[in-house]
Amino acid sequence: MAAEIAVSMRGITKRFPGVVANDNVDFEAAVGEVHALLGENGAGKTTLSHVLTGLYRPDEGRISLYGERVAFASPREAIDAGVCMVHQHFRLVDRFTVAENLMLGDRSGAGRSFRIDSTAVESQVRELGERYRLPVDPTARIWQLSVGEQQRVEILNALYQNARVLILDEPTSVLTPDEADTLFETLRLMAGEGRTVIFISHKLHEVKAVSDRVTVLRAGQVVATVTTADATQQSLAALMVGHDLETERRSRGGEQVGAEVLKVEDVWADGDRGAPALKGVSLTIRAGEVVAVAGVAGNGQRDLAEAIAGLRPCTKGTIRVGGKLLAHADPRDAFDAGVRYVPEDRLGTGVAPNLSIAMNLQLRSFRRTSFGPLLRLGRMRANAEEAIRRFEIKTSGPQMQTAQLSGGNLQKVVIAREFSGEMAVLVAASPTRGLDVAAVETVHSYLLDAAESGTAVLLLSEDLDEIQALNDRIVVMYEGRLSDVVNRESIEEIGLRMAGGAP
Amino acid sequence: MNNSLLIVLIASGVAYGTPLLFAALGELLAERSGVLNLGVEGMMLVGAVMGFWTVQRLHVTTAVALAAAIGVAALAGAMMAAIHAFLVITLRASQIVSGLALTIFAGVYGLSSYLGNNLNLADQPASHTFTAFFPSSMQKWPIVGPIVFGQNVLVYVSWACVVLISLYLSHTRPGLNVRAVGESPAAADTMGISVTSYRYAHTIVGGAFAGVGGATVTLAITPQWVDGITYGAGWIAIALVIFAFWRPELCLVGAYFFGALEALAPQLQARNITLGPTVLWTSSLPYVMTILVLVVVSSGTARRRLGAPSALGVAYVREER
């Protein structure tokens with residue numbers, strides 16, 4: 001198919017202070033194709049798409065759409081030219097209805113009138129939803145919708161704006177496997193109509209499943225553009241990381257599983273919005289065991305992690321560590337009992353971003369190391385230097401501001417701090433989200449080290465690959481309840497449970 | 001009947017509540033666009049002094065003088081708000097610090113005192129004042145007479161403003177846009193809505209409303225100028241916006257409620273009714289209520305549940321890194 005070129009980017013360079021995010025990137029996508037943009041986190045995929053959609057201006061290079069040179073000064077200009085993007089963090093107004101959100105950007109359709117009249121827009125949304133298999137109630141407010149539905153709204157918005165080029169940034173990170181499959185069908189449908197879909201991902205199987213061609217980015221540069229049919233997951237992975245991935249996983253199951261360490265019994269707790277987020281959760285983890293909790297974000301995983309770490313009050317139920325009952329919502333008591341917590345939001349909850357690395361490493365233990373009310377700075381510094389060496393944290397020194405660290409190194413700081421003292425239970429919530437492949441491997445090996453040394457590990461994750469790689473036992477969390485997975489259910493069955501279906 | 005305590009309280013509640021209502025509507029516009037303006041008290045004081053100055057200096061008919069005074073007061077408030085807008089929108093300074101600074105700058109011993117003393121406005125009766133708009137025969141009608149027809153023209157203007165702002169926010173495109181800017185500036189920006197211009201416009205217009213509110217005090221309620229004449233009305237107005245869940249029609253109800261609380265002490269005194277040992281507690285009621293409202297709603301979750309614009313108080317930066 002000698003297709004017409006829809007998007008052509010030539011020699012794009014974008015620099016940020018201290019980083020070249022895109023270095024002389026050439027990218028081309030044809031009319032009617034699904035083109036995947038593959039690369040590790042930090043490879044420059046998102047930056048490139050922001051350059052294309054007018055959010056960033058390139059320092060060098062030129063962009064053409066359908067053969068015509070363009071230079072977008074804002075996302076709006078890009079939208080007017082038919083280039084729309086579905087961001088990783090949705091750009092929707094939570095309190096507005098679906099129709100109102102679509103009207104916001106409407107410059108030519110039924111929603112542009114001075115007086116707001118949403119009925120015309122609503123009927124159009126229904127029509128588009130049927131045609132593209134994106135069912136959403138146009139009168140629903142965004143906050144009432146699930147994350148998957150919100151994503152549909154974003155795609156509908158692009159269709160409503162007559163997008164000819166649609167860019168999706170890691171669209172499946174918030175979806176169950178089933179929802180992802182439906183999304184792929186929609187994308188194929190759109191490409192079949194002569195639209196161009198640019199699909200950003202770092203997940204190989206998705207890229208294989210949905211795209212016609214793949215452009216691989218590494219460290220801000222294009223490594224290759226290949227036809228998907230000619231590539232294998234292994235060849236793509238090699239292009240992405242620059243060397244062959246270690247395919248062998250560390251074998252699990254050889255360890256001795258010991259006594260019950262964590263015992264959660266019938267725990268109920270309220271979520272941030274005040275509604276019950278945990279509805280009678282019971283869970284036991286033995287020493288040396290890794291229990292993985294699978295589930296789509298927002299089904300109570302964070303609340304469970306916080307309840308165990310003593311950060312969220314339980315309205316009912318008990319949590320015991322090594323037989324000792326934990327005090328009600330007392331993080332210090334939980335820590336003293338040996339609970340260690342690697343939170344999902346590592347920058348906001350995991351560390352105090354404006355403090356130095358040395359300070360952050362001591363946040364749990366300064367009471368023991370300080371001299372009365374005075375901190376022993378010299379000792380803190382020495383401890384920090386040791387931790388930096390042991391956990392291979394890449395930094396200019398212990399006095400560096402923690403916020404300046406990259407995601408992987410930030411996570412190492414959290415882990416280094418939490419791994420101090422007698423660790424009985426390790427609660428890790430999405431510990432590798434947003435990390436690149438190398439950092440993921442490191443974090444995984446720390447989790448396995450912890451299990452091997454007899455810690456009860458609770459892993460909460462949305463990433464099924466991660467869950468499969470690490471677990472001794474999988475439970476699925478849906479709407480505040482846990483259900484045990486019978487030995488070795490397939491990924492599809494687990495996915496079905498995550499979406500609330502009972503296999 | 002028209003002299004009964006309840007009717008008088010409601011009627012004076014409407015009158016006393018009008019400066020609060022203007023100020024609260026202005027604050028509501030700014031907050032709906034995501035800008036918290038704690039400078040309302042200062043803007044009211046500057047509006048109060050400039051409005052009063054205008055009627056003292058202009059030797060024209062009452063109607064023209066008063067119209068000009070309202071215009072000058074609005075302009076004064078708008079200019080103050082423009083400083084706030086520049087600091088918090090363009091320079092992304094802390095909205096709380098900037099607002100407080102403006103109130104201190106313009107308040108007692110500040111700009112408004114300086115202007116009042118320098119222009120020799122103290123201890124003079126106003127040359128022109130707002131009086132009841134409808135003929136006195138209509139004011140004698142039972143109940144509606146004093147409450148509805150016994151008011152000055154500013155009250156009727158404020159009613160029109162409530163209706164217009166309410167329609168604007170819920171039924172027009174620019175209204176939808178400003179709500180989007182206050183809720184999710186990133187979404188609005190992506191859709192091509194200029195966050196900066198919407199925030200500037202609504203902050204400045206909001207300041208003009210505060211200025212008019214101040215002039216209402218010096219030209220209609222207590223037609224004179226003394227230092228700090230608004231007595232914290234700006235602070236009450238800020239609480240009122242929260243109290244009203246950011247909705248103009250509820251601002252009206254709340255403003256009249258606080259107005260009636262203000263009127264309570266003098267009315268009780270005039271009737272020789274004593275509730276409790278001292279009049280102090282009745283005159284402090286509006287302020288106590290303000291503090292209570294602010295305490296109740298000051299937690300983040302409560303504010304979100306009450307309907308505070310999500311991006312209230314947060315500067316918008318487009319580039320993510």
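## Strand pairing in the predicted model

Two strands are taken as paired if DSSP finds at least two bridges between them. In this predicted model, strand β16(A) is joined by 4 bridges to strand β17 of chain A, residues 425–429, and the two run parallel. Within this pair, Tyr341(A) stands opposite Val427(A) of β17(A).

## The six-stranded sheet

β16(A) and β17(A) belong to an open sheet of 6 strands in chain A, ordered β16-β17-β18-β13-β19-β20, in which the pairing is mixed. The edges are formed by β16 (339–342) and β20 (481–484) of chain A; each has a single partner strand, so one side of each is left without a neighbour in the sheet. From one strand to the next, the twist averages 20°.

## Helices packed on the sheet

Helix α9 of chain A, residues 301–308, packs on this sheet and touches β13 (290–294), β16, β17, β18 (456–461) and β19 (473–478) of chain A. The direction of α9(A) makes about 150° with that of β17(A).

Helix α16 of chain A, residues 437–452, also packs on the sheet, where its contacts are with β13, β17 and β18 of chain A. Its direction makes about 150° with that of β18(A).

## Contact between chains A and B

The contact takes 18 residues from chain A and 17 residues from chain B. On the side of chain A that touches chain B, the elements giving two or more residues are α2 (75–80) and α3 (98–104) of chain A. The residues on this side of chain A comprise 10 nonpolar, 2 polar and 6 charged.

Note on methods
Residues are numbered from 1 along each chain as its sequence is written. Chains are lettered from A and ligands numbered from 1 in the order in which they are written. This is a predicted model: local features need pLDDT of at least 70, side-chain atom pairs count only at pLDDT 80 or more; totals for chains, interfaces and linings use all residues. Axes are lines fitted to C-alpha atoms, for helices over the stretch in contact, and angles run from 0 to 180 degrees between N-to-C directions. Two residues are in contact if their C-beta atoms, placed from the backbone, lie within 7 Å. Ala, Val, Leu, Ile, Met, Phe, Trp, Tyr, Cys and Pro count as nonpolar, Asp, Glu, Lys and Arg as charged, and the others, Gly among them, as polar.
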